[in-house]
Amino acid sequence: MTGSAPRAPALRRLVALTRKETRQMLRDRSNLVVGILLPVVMILLFGYGLSFDVTDARVAVVMEESSAAAVNAVAGLVGSEYITPVWTRSMVEAEGLVRAGKADAILRVPADFIRTIAAGHGELQLILNGVDSNTAQAIEGYAQSAVMTALQHQADRQGDPPTASASVEIVQRMWFNEANDSTWFLVPGLIVLVATLIGAFLTSLLIAREWERGTLESLFVTPARPMEIVLAKLAPYLVVGAVDIALCLLAARFVFDVPIRGSLPIIVASSMLYLLVSLALGLVISGVTRNQFAASQMALLASFMPAMMLSGFVFDLRNVPVAVQVVSHVLPATYFMGLIKTLFMAGDYWPQILRANAALAAYAIALILVARRTLAKRLD
């Protein structure tokens, strides 16, 4: 009896404190976002939206010979669930599709295919887009399997020996990534992640910190206009981000030996434009939340995680559900990710350069105007 008496007040205090902390947690929505929404988003992304599989890979087929043997050799592509053949008239047309990103590989049936088959050493040429080395390797396996299966079926129908398909060899070439090195694919994407991290996280804490410390009120009595304040807050971090981008480019070239085939001024200008988008996004988040903890969490959910998961950095976006593809094409990081990889690996492709930079410029203007509006409510 006496031993249980001291424990009763302690238990009541514990229950009371637990209730107080529970109410405080429920009042702070940022805690609920981190504790519930973030795990749900990660579960859905990893479990449903993301996939390493390659489906509907576009293979441009060039038929320089239209014999029955040549048609039968590529017949396996038509029935494959992993490959979508794109029929072209010439190698020039097929190469243009690959450079434009409308084809992932080229399967060429040479003009002397029937003659080489008769001589016992037929050859087909498979050219792969090596910008994404993982996807290229998967497409190589699918294409070889489809062709060899079709040739073996043809041999079975004609009563040829089971090894008849062995007389055909697929000669493979890798474009834009001759070393078949995944580093060439990953390092350009790191520039996107660094610019996103530096931009969104630094500025997302900027105004929120000033609101918490009460230093922002000192600007209310100055003649400075909201747009001037926005630009002034962006300028120093733009310089910091420029230094980080320069470090990324130097590391890519001299540390990781990644080729830079595109124009360096275009790469720098596009990177700075995307950095401006990230900085403006962080400024908007900072102005809306006015709390450092909430701003940092929102920056994580709205910028860095989508840039890493949904921009094409790791996963081929064509292999994810349509709903995820729609979301990914709303993200500024998706446009810059595709652009920077093309500039590094394939060189200057002006339709993509103009399209991506136009989208980034529109995002930058829109976000800067929104950031100005978040300040104008207090400063005007």
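Let us start with strand β1, residues 57-63, where 5 of the 7 residues are buried, buried being under 20% relative accessible area with a 1.4 Å probe and protein chains only. Please bear in mind that this is a predicted model, in which local features need pLDDT of at least 70 and side-chain atom pairs count only at pLDDT 80 or more, while totals for chains, interfaces and linings use all residues. Residues are numbered from 1 along each chain as its sequence is written, and side-chain values use heavy atoms, without hydrogens and water. Helices (H or I, at least four residues) and strands (E, at least two) are DSSP runs numbered from the N terminus.

Which strands does β1 pair with? Pairing requires at least two DSSP bridges between two strands. Strand β2, residues 83-88, runs parallel to β1 and is joined to it by 6 bridges, with Val62 opposite Thr88. Strand β3, residues 105-109, is also parallel to β1, through 5 bridges, and here Val59 faces Ala105.

I turn now to the helices. The axes of α8 (residues 182-204) and α9 come within 4 Å and cross at roughly 15°, each axis being a line fitted to C-alpha atoms over the stretch in contact, with angles from 0 to 180 degrees between N-to-C directions. The two helices are therefore roughly parallel, the term for angles under 35 degrees. Leu202, Thr203 and Ser204 of α8 contact Leu206, Ile207 and Ala208 of α9, contact meaning heavy atoms within 4.5 Å.

Finally, Leu206, Ile207 and Ala208 of α9 also meet Leu283, Ser286 and Gly287 of α11.

Definitions and conventions: Buried means under 20% relative accessible area, exposed over 50%, partly exposed in between (1.4 Å probe, protein chains only). Angles under 35 degrees count as roughly parallel, over 145 as roughly antiparallel, 65 to 115 as roughly perpendicular and the rest as oblique.
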